[in-house]
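The report below goes through the contacts between chains, then those within them. Please keep the sequence and the model at hand while reading.

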Amino acid sequence: MFIALGLTCAALIPPGGWAQQRFITVASTTSTEQSGLFKHILPMFQKKTGIEVRVVALGTGQALDMGRRGDADVVFVHDQAAEEKFVADGHGVKRLPVMYNDFVLIGPRNDPAKVKDGRDITGAFRKIRTAQAPFVSRSDKSGTHAAELRLWRLAGTDMPASKGPWYRETGSGMGPALNTASSLNAYILADRGTWLSFKNRGELAILVEGDNRLFNQYGVILVNPAKHKHVKKDSGQSFIDWIVSPEGQNAIAGYRINNERLFFPNAGRRSG
Amino acid sequence: MLPLELRDLCFAINGNTIIDRISVQIEDGPRTIILGPNGAGKSVLMRLCHGLLKPTSGTVAWTGRRPNRRSGGQAMVFQRPVMLRRSALRNVMYGLKLAGVSRTECELRAHDVLDAVGLSHVAHHPARVLSGGEQQRLALARAWALGPEVLFLDEPTANLDPGAAREIESIIGAIHASGAKIIMTTHNLGQARRLGDEILFINQGRLTERSSADRFFREPASAEATAFLRGELP
Amino acid sequence: MEELRQACLQALALIGRLDSQLFEIVVLSLQVSLTAVTVAAVIGLPIGAALAVECFRGRQAVIVLFNALMGLPPVVVGLLVYLLLSRAGPLGPLGILFTPTAMIIAQAILIIPIIGALSRQTMEDAWREYEEQLRSLGAKRLTAASTLLWDTRFSLVTVVLAGFGRAVAEVGAVIIVGGNIDGVTRVMTTAIALETSKGDLPLALGLGIILVSLVIALNAAASLIREAALRRYG
């Protein structure tokens with residue numbers, strides 16, 4: 001019975017999946033996928049070009065690694081230093097800025113470390129450390145993790161070398177880390193997009209935002225076809241061309257949750 | 001293939017001797033009953049003869065002409081019949097197929113033999129839902145279908161009620177009448193009297209006595225056999 | 001408790017409005033896991049049968065290995081398959097990473113040990129009952145193995161279901177090799193993981209309730225068939 005059932009199922013799956021039409025694989029970050037941005041903009045691209053975009057959402061570190069192994073055609077991430085190294089090492093063709101949003105410091109409403117009402121993110125980090133208030137770190141080599149470590153350095157602390165028991169390294173994506181912070185009533189650095197679409201907030205709220213150092217730039221890179229012959233150069237390039245075009249940029253600008261914009265297009269306006 | 005010649009046959013397991021230097025020649029013809037108290041080693045002796053167990057020392061040899069595949073050879077019926085999870089007919093055909101009989105002949109022979117043991121009416125019933133007596137008759141049919149020159153039977157009626165046991169006995173008689181040599185173990189004296197032509201009396205792994213059934217029951221030669229017949233051994 | 005109530009409502013709402021996306025995810029889950037369990041059964045059951053009847057050096061070691069592999073962490077299998085199928089890996093040219101095929105491979109690897117080890121146990125128990133009879137009928141190892149596979153078929157359904165349960169419920173391996181791509185490789189478990197990370201716990205739990213209900217329904221159906229078959233065939 002099972003064998004018959006299984007064979008029927010196998011027959012229904014064409015080799016390589018449902019690859020009816022052209023598709024590209026984009027390695028991107030959990031923040032873009034989970035914020036719902038892709039669901040909003042990709043159908044527009046597919047309608048125009050007929051190219052299906054398959055998004056594998058990982059941390060920036062893993063996403064770049066996927067590109068390095070040749071498992072993606074395009075990477076779409078947010079860690080400028082790592083992206084530039086990726087291109088310099090010959091794994092990617094060229095890095096183009098696409099859009100930005102910002103990081104926000106999330107924490108419990110009762111704010112035990114008294115960081116609220118400031119714009120100064122490094123000052124807030126110092127207060128958290130002094131108060132030894134619980135802080136959740138992604139610790140997954142994602143773009144957000146890289147940004148968080150950079151901010152700790154700016155605040156004069158070398159993380160994770162000088163961490164204490166209050167500093168919880170979860171090694172998980174933005175959503176799971178927010179879930180952890182929510183149940184621990186801990187502080188956490190998050191990207192605004194994921195925060196806005198996150199539902200299990202509990203007692204958490206945005207405490208610090210608007211500092212220039214919380215700027216979060218996204219870039220897009222075509223994986224180097226010279227290194228990986230199977231990379232779908234043309235389809236991948238059309239995606240990149242589209243997303244930095246006025247049409248793609250408008251699509252990004254048009255994505256809102258509760259009338260709040262999540263990402264701000266800035267292709268061609270800013271170098272990094 | 002008969003006669004069957006056992007020479008200094010020994011079998012031990014974990015240092016316990018079960019069969020102890022048995023030498024005997026079993027000829028074609030009479031129904032041979034291996035008789036003895038519980039734990040005497042009857043079943044082990046039968047498995048050694050049938051080839052299911054390897055002797056620790058000594059030999060089991062069939063000294064007659066080699067049997068051909070289509071008929072002849074040996075078969076065995078166990079105390080607990082092992083019924084395969086399929087119909088009665090398919091159980092019989094299973095053995096025939098393994099013996100290399102063609103499919104059409106398999107089916108013909110299987111029907112014939114089921115008829116002979118009185119199971120035609122349940123030929124297409126699943127074997128495992130038959131009664132104990134029917135299952136044992138089916139086991140006999142499966143063995144008989146092979147047309148064995150020698151049929152070993154290990155306590156074939158031990159788990160059956162007297163009525164079912166009688167039916168089995170009459171089938172054994174029919175199988176013998178059809179030309180098969182019967183070698184059977186039992187600890188049931190009545191059955192040994194009814195079915196036996198000659199008796200091999202085994203006690204504690206040794207062959208203590210061999211004689212015709214008449215003589216064995218009239219005047220046993222050994223003290224152990226005398227005690228056994230009086231019901232003093234288990 | 002409030003969350004659990006919410007989850008139940010979510011699950012009912014999803015089913016109620018015949019959500020087409022949900023339907024797609026459920027169908028893909030079933031396709032992937034049923035195919036994986038078929039592949040695993042075709043490979044695992046013969047291995048189990050062979051281990052049940054064969055005597056060879058190192059058999060015990062192989063059995064221990066299979067039993068241990070039942071606890072194989074899905075993430076490890078996922079990574080292994082990922083590295084094999086990655087463009088930079090040995091099977092990279094096939095280009096099947098992030099496809100349902102890759103997920104089938106990962107799940108099959110994960111459950112072959114389960115099906116192999118559990119079916120070995122089932123058939124070894126049956127072999128204890130069958131061995132003498134089958135050897136007496138002259139069955140070679142290969143025949144014996146296939147006879148056991150057929151005769152224990154009703155118990156093996158349970159074994160295969162155990163494999164299916166593990167396959168359909170696992171997330172660690174398929175999320176790595178499938179990538180949880182919307183509309184391509186998103187199955188029940190990866191969808192649940194995604195909704196959990198988005199903090200939508202009621203929706204995640206609602207999907208979980210649907211998954212569990214499906215598995216229960218499938219098991220109930222198989223169990224009914226098994227009961228009926230056992231009553232029929234004994």
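## The contact of chain A with chain C

In this predicted model, the side chains of Lys199(A) and Asp200(C) meet in a salt bridge with an N to O distance of 3.1 Å, a salt bridge being a side-chain nitrogen of Lys or Arg within 4 Å of a carboxyl oxygen of Asp or Glu. The rule finds 3 salt bridges across the interface of chain A and chain C, together with 12 residue pairs in polar contact, both residues at pLDDT 80 or more. A polar contact is a pair of N or O atoms within 3.5 Å, where within protein one must be able to donate a hydrogen and the other to accept it, and where residues adjacent in sequence count only if both atoms are side-chain atoms.

On the side of chain A that touches chain C, α1 (2-12), α2, β2 (52-58) and α8 (174-184) of chain A each supply at least two residues, and the largest share, 8 residues, comes from α1(A). These elements are DSSP runs numbered from the N terminus, helices being H or I of at least four residues and strands E of at least two. The contact, defined by heavy atoms within 4.5 Å, takes 34 residues from chain A and 37 residues from chain C. Chain A and chain C bury about 2900 Å² between them, with 65% of it on carbon and sulfur atoms; buried area is the accessible area (1.4 Å probe) that two parts lose on being put together, summed over both.

## Conventions

Residues are numbered from 1 along each chain as its sequence is written, while chains are lettered from A and ligands numbered from 1 in the order in which they are written. Local features of the predicted model need pLDDT of at least 70 and side-chain atom pairs count only at pLDDT 80 or more, whereas totals for chains, interfaces and linings use all residues, and side-chain values use heavy atoms, with hydrogens and water left out.

## The contact of chain C with chain B

Between chain C and chain B, 22 residues of chain C are in contact with 19 residues of chain B, and the area buried is about 1900 Å², of which carbon and sulfur atoms give 52%. Glu132(C), Gln133(C) and Leu137(C) supply 32% of the area that chain C buries against chain B, more than any other three residues.

Glu132(C) also forms a salt bridge with Arg47(B), the closest N and O atoms being 2.4 Å apart, and the rule finds 3 salt bridges across this interface. The count of residue pairs in polar contact between chain C and chain B, both at pLDDT 80 or more, is 10. The side of chain C that touches chain B draws at least two residues from each of α5 (100-136), α6 (141-151), α7 (153-169) and α10 (201-233) of chain C, with α5(C) giving the most, 7 residues.

## The sheet of chain B

Chain B holds an open sheet of 3 strands in the order β2-β1-β4, with antiparallel pairing, where two strands pair if DSSP finds at least two bridges between them. Because β2 (16-26) and β4 (57-62) of chain B stand at the edges with a single partner strand each, one side of each is left without a neighbour in the sheet. Neighbouring strands of this sheet are turned by 20° against each other on average, direction ignored.

Strand β1 (residues 4-13) of chain B is joined to the antiparallel β4(B) by 5 bridges, and Leu6(B) stands opposite Val60(B) in β4(B). Helix α1 (residues 42-50) of chain B lies across β1, β2 and β4 of chain B and runs at about 125° to β1(B); axes are lines fitted to C-alpha atoms, for helices over the stretch in contact, and angles run from 0 to 180 degrees between N-to-C directions.

## The two domains of chain A

Chain A is assigned domain 1 (22-101 + 217-265) and domain 2 (102-214), the bounds coming from an automatic or database domain assignment. The C-alpha centres of these two domains of chain A lie 26 Å apart, and the area buried between them is about 1200 Å², of which carbon and sulfur atoms give 52%. Gln34(A), His78(A) and Asn101(A) supply 35% of the area that domain 1 buries against domain 2, more than any other three residues.

Across this domain interface the rule finds 1 salt bridge, and Arg192(A) forms a salt bridge with Glu260(A), the closest N and O atoms being 3.8 Å apart.
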